[in-house]
Amino acid sequence: MTIAEQPVPGPVRSAAATAEGGLPTLIQGGMGVGVSGWRLARSVARTGQLGVVSGVALDVTLARRLQQGDPGGHLRGALAEFPVPAISERILARYYVRDGIEPGAPYRPVPRLGLRPNRARDELAVVANFAEVFLAKRDGGTIGINYLEKIQMATPAAAYGAMLAGVDFVLMGAGIPSQIPRLLDRLAAHLPAEVTVTVAGAEGGERHAVGIDPVALLGRTPEPLVRPRLLAIVSSDVLAGYLARTPETRPDGFVVEAPVAGGHSAPPRGRMRLDETDQPVYGPRDEVNLAKVAALGLPFWLAGGYASRDGLARALEAGAAGVQVGTAFALCRESGLDDKLRRRLLEQAKDGTLRVRNDPHASPAGFPFKVAGLPDTLAAPEVHERRPRLCDLGHLRTPYVKPDGGVGFRCPAEPVDAFLRKGGRLEETEGRRCLCNGLVAAIGLGQHRPDGYQEPPLLTLGQDLDFLGDLPEGYTAADVVAHLLGPGGAPGSAGAGDDRREGGLPPEGS
């Protein structure tokens, strides 16, 4: 009997279905790598809405921030609360550098994702996700974490770490998260859990999986965890209906995302057509039948172009529980974006010169990806052409069956010759950007190469920027909530003062 076939104790699943507490009207989107960090999510949660941390590449961001010396000591404080101190101590011994590494020095690498068991990789992923959620929940409130189904090999360890810190919601996009309900059930009971991993070239009946054994990792069996609710991020009523059809695949709700939303978006249904600006053309087939989504009987939120009171009103009228908003929070003061980049984005957005393009080629994941056209970033063709092609983080690598029957890994953004040797097609490499390194650089953690080259950032935003005219200069996350819900829509908000005292929110203009 495989892990996937083993029974799960019933009470764990039913506990999630009967969880107390109302649903949020507003979900702050999980964005990029570290853009939706713990400071932003905590600020939103303090308003009574759902704050969401990005769960992508937290192993990398934790390791690099520790190597920067962990200014403020927040991460070390979170690691001190991890239930197995020996695991935290191993991570600190490997990555923490008192006073930080020298400027321009390269960061120490972290173990790459793979199918073979790797305890050091699992420990880092579990602790990194624990720390991010722990810090976000420090003032109470409701916190979610956002993962990408496309990065399957990271999910079991990452989700378990977030659950150890008491995460309330898991949001999953960029794929079909049909395995996640059962994964969360098992992890809540500290049972061995795994997900099947898609391997290119695998024959029918050949199964590859990656998983985690919580008891073996921790060395003991803790008390059962509260299972977080799962929100599947979808772009069609067909996918929503597919997931809702059985208890094994049914999420606890949906985020229905329109094509203008930031980051990855679903490709148009049918044959891909591009307009005169080389962007995908969406048509009637891509419009979501919200009546069919509502008929499924699960709560849903609308995302992509709803960052206004009118947008919220339209969503509620359609039967939604509320809206998910990303870009407005990505540009607020608590955003994890490098502050200089954030201000440049704001300046160009306000003067009308910023262009956000739905690039069908940029992402190695194969999904269209919104690229903010800021000069001196990977959006600029000359910057992209100067960057040496390499893949050293590898979160978007995909496994494939090698001629000898073993499993290898390839990425369309790696050196072209290497990708072709691994069975990839030349057309798959055209225009590909290294999202892993570019998004990490966007939050000020870009790698420095031994030859002096520094990884340039890649920035993503949604294509609807109309909200900026309604927000004050130097606005905060609480301002976004008030803009959407009204002055009384942020119950319990403490403003930005506490974040400033902790060094989390620098004075505007500094």
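Which residues lie nearest the centre of the largest cavity? Gly55, Ala57, Ala154, Ala158 and His395 do, in a lining of 15 residues. This is a predicted model, in which local features need pLDDT of at least 70 and side-chain atom pairs count only at pLDDT 80 or more, while totals for chains, interfaces and linings use all residues. Residues are numbered from 1 along each chain as its sequence is written, and side-chain values use heavy atoms, with hydrogens and water left out.

**View 1. The largest cavity and its lining.** A cavity is a set of points, on a 1 Å grid over the protein atoms alone, where a 1.4 Å probe fits but cannot get out; lining residues have an atom within 4 Å of a point. The model has five cavities of 30 Å³ or more, and the largest cavity holds about 140 Å³. A volume is the space filled by probe spheres set on the points, which are joined across faces, edges and corners. At least two lining residues come from each of α3 (58-67), α6 (119-136), β3 (142-148) and α7 (155-164). Helices (H or I, at least four residues) and strands (E, at least two) are DSSP runs, numbered from the N terminus. The lining has 10 nonpolar, four polar and one charged residues. Here Ala, Val, Leu, Ile, Met, Phe, Trp, Tyr, Cys and Pro count as nonpolar, Asp, Glu, Lys and Arg as charged, and the others, Gly among them, as polar.

**View 2. Ala57, in the loop between β2 (50-54) and α3.** Ala57 has a positive phi, near 60 degrees. Most residues other than glycine have a negative phi. With a relative accessible area of 8%, Ala57 is buried (buried means under 20% relative accessible area, exposed over 50%, partly exposed in between, with a 1.4 Å probe and protein chains only).

**View 3. Phe329 in the largest nonpolar core.** A nonpolar core is a set of buried Ala, Val, Leu, Ile, Met, Phe, Trp, Tyr and Cys residues joined through side-chain atoms within 4.5 Å. The largest has 138 residues, and Phe254 and Phe329 have the most contacts inside it. Helix α6 gives this core its largest share, 10 residues. Beyond four places in sequence, the contacts of Phe329 (heavy atoms within 4.5 Å) include Leu26, Met31 and Val480.

**View 4. Helix α8 (residues 180-188).** Eight of the nine residues of α8 are buried, among them Ile180, Asp185 and Arg186. His190, which follows α8, has a positive phi near 60 degrees.

Terms used
On a 1 Å grid over the protein atoms alone, a cavity is a set of points where a 1.4 Å probe fits but cannot get out, and a pocket is an open set with protein on both sides within 12 Å along at least five of seven lines; lining residues have an atom within 4 Å of a point.
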